[in-house]
Amino acid sequence: MFNRPLNVARTRLFWRRLFAVVFSSSSLLSSFGSQPAKAQVTQYCQLSPAAAREKENLRLSALKGNQNAQARYQKILQEQAQDLRECRSRTWPQIQALWLRLYPCDIQPGTIDLVMDRIVNGGYNQVYLEVFYDGQVLLPATGNPTVWPSVIRTPGVENIDLLSVAIKKARQRGLKVYAWMFTTNFGYTYAQRKDREAAIARNGKGQTSLYVVDNGSQVFIDPYNLQAKRDYYQLVQEILRRRPDGLLLDYVRYPRQAGTDSIATKVSDLWLFSPATQEALFKRAQNYKGLDLIRRFLSKGYVTTGDVVEVDKLYPQEGEPLWQGRIPPPAEKSIQPATDRQPLLQWELWQLAVAHAMQGILDFVTIASYPAKQQGIPTGVVFFPDGNQTVGQGYDSRLQPWDRFPTTLQWHPMSYATCGNASCIVSQVQRVLSMAKPGTQIIPALAGQWGKPVSNRPPLEVQMQALRQFAPQLKGVSHFAYSWQYPQNDSDRKFCRNR
């Protein structure tokens, strides 16, 4: 998913006070220190270090078999869940979510409890749990009918359903769980299947995304391919059997290329060269002239005056070349010589090619979100605020038409801009707000850590304060990611160093 000024003394003072309190809320930083300690407040519903330590000590004792500690631990979880609900109901943002990836080592007793406790400690009331990424799925090996391997493949633990466990543990703490999934990026394992070769997207240079994305693990599929759609539909259905509170569709786009290739300026830059995409494109023709010109344009990347003359001769009974969306010029212009008509036809064919590629993404979103819609489970789409931009005569190579995503879906713009302060992040959110129809639920994703700047971004609390000006349009914000806030714990869990 990631590709997304207080002075120093004041920041440190703010941070010390921020953790000096238990769940509560306020809107004024200036109120810190002006009230008795028990009435001190924070904007983010975070748990005090003392309360977090007490809970952790009880968790550890319960893990060792102490029944009294177990009972007290469960009681504290319920109390804090209620406190969190009350705090978030009166505190902006009403939704504060954290992105989380689980690992095979998380099957160790107590590990999921620790992770979910820390999320509650941070004032979060939602978890975006990654369930499909890098070509593997968070389903038990014995209950995985999909074409992708399970995240947990260790012999002897094939029955452990880590997704169901995580949902249960989260709900015990008052957390809602959204299943966060890669979408058109099916992963390297999918590309290894000989029976799925036709489903892989290709550009006009004969490349798949394996050859244009740096890490060599991202495999983007042809969104028009029926097999790919069936595979993904089945995957979504299996995830929804665990009844998450929501679904999040990430990588809803084409691959981002590097350097000058990051801008698509010609047909060969587009991912139109797999069978299903081409077949669907040809079906957009509304007469033989239109079909012939589309074929010529796709094969060469342009049409010449000679092509226009030849097509006119081949189909003399037809008027203007037609395809979906094309409004033919007035009759007097239709009889102009081919030299005058060629520039417009070529430009319109380029626009058709780009629109066709984008429509594939939109159609795939409709299919991917349909099972959740049937069950009344909310779905969100994750996108880059600049992923739909035109650049000169070209387009951002990701071709991410998020401004045309259904407004019935939640919009999750990855507002990851880096400029050393929050101004560029605010600009990204403003762009989304300006293009969204009224009523669209927008939940920006921010990258960073609490209390300190990272990767040329200010601390999360500074970013949050900057976005608060957009309330009540923004009722939710998410933070990428648990691994950024607890890098040591994330690494320990990844490599089974937890004890």
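Which pattern do the disulfides of the protein follow, with bonded cysteines counted along the chain? Hi everyone, let's work through that one together.

A quick word on the model before we start. This is a predicted model, where local features need pLDDT of at least 70 and side-chain atom pairs count only at pLDDT 80 or more, while totals for chains, interfaces and linings use all residues. Residues are numbered from 1 along each chain as its sequence is written, and side-chain values use heavy atoms, with hydrogens and water left out.

Now the cysteines. A disulfide is a covalent bond between the sulfur atoms of two cysteines. Here a disulfide is called when a pair of cysteine sulfur atoms lies within 2.5 Å, and by that rule the count comes to three.

Take C45 and C87, joined with an S to S distance of 2.0 Å. The torsion about their S-S bond is about -90°, so this disulfide is left-handed. C45 sits in the loop between α1 (8-18) and α2 (49-63), and C87 is in helix α3 (residues 67-90), so the pair ties together parts that are 42 residues apart in sequence. Helices here are DSSP runs of H or I with at least four residues, and strands are runs of E with at least two, numbered from the N terminus. Both C45 and C87 are buried; buried means under 20% relative accessible area, exposed means over 50%, and partly exposed is in between, using a 1.4 Å probe and protein chains only.

Next, C105 and C496, with sulfur atoms 1.8 Å apart. This link is left-handed, with -95° about the S-S bond. It connects distant parts of the chain: C105 is in the loop between β1 (95-100) and α4 (111-121), and C496 is in the segment after α16 (487-494), 391 residues apart. C105 counts as buried because its relative accessibility is 8%, whereas C496, at 31%, counts as partly exposed.

Then there is C419 with C424, S to S 2.2 Å. Their link is left-handed, with -95° about the S-S bond. C419 is partly exposed at 34% relative accessibility, and C424 is buried at 18%.

So, back to my opening question: the pattern is 1-2, 3-6, 4-5.

Which residues line the largest cavity? They are L281, I294, F297, L298, L349, L352 and A353. Helices α9 (288-300) and α12 (338-375) each supply at least two residues of that lining.

Note on methods. 1 Å grid on protein atoms, 1.4 Å probe; cavity = no way out; pocket = protein on both sides within 12 Å on 5 of 7 lines; lining within 4 Å.
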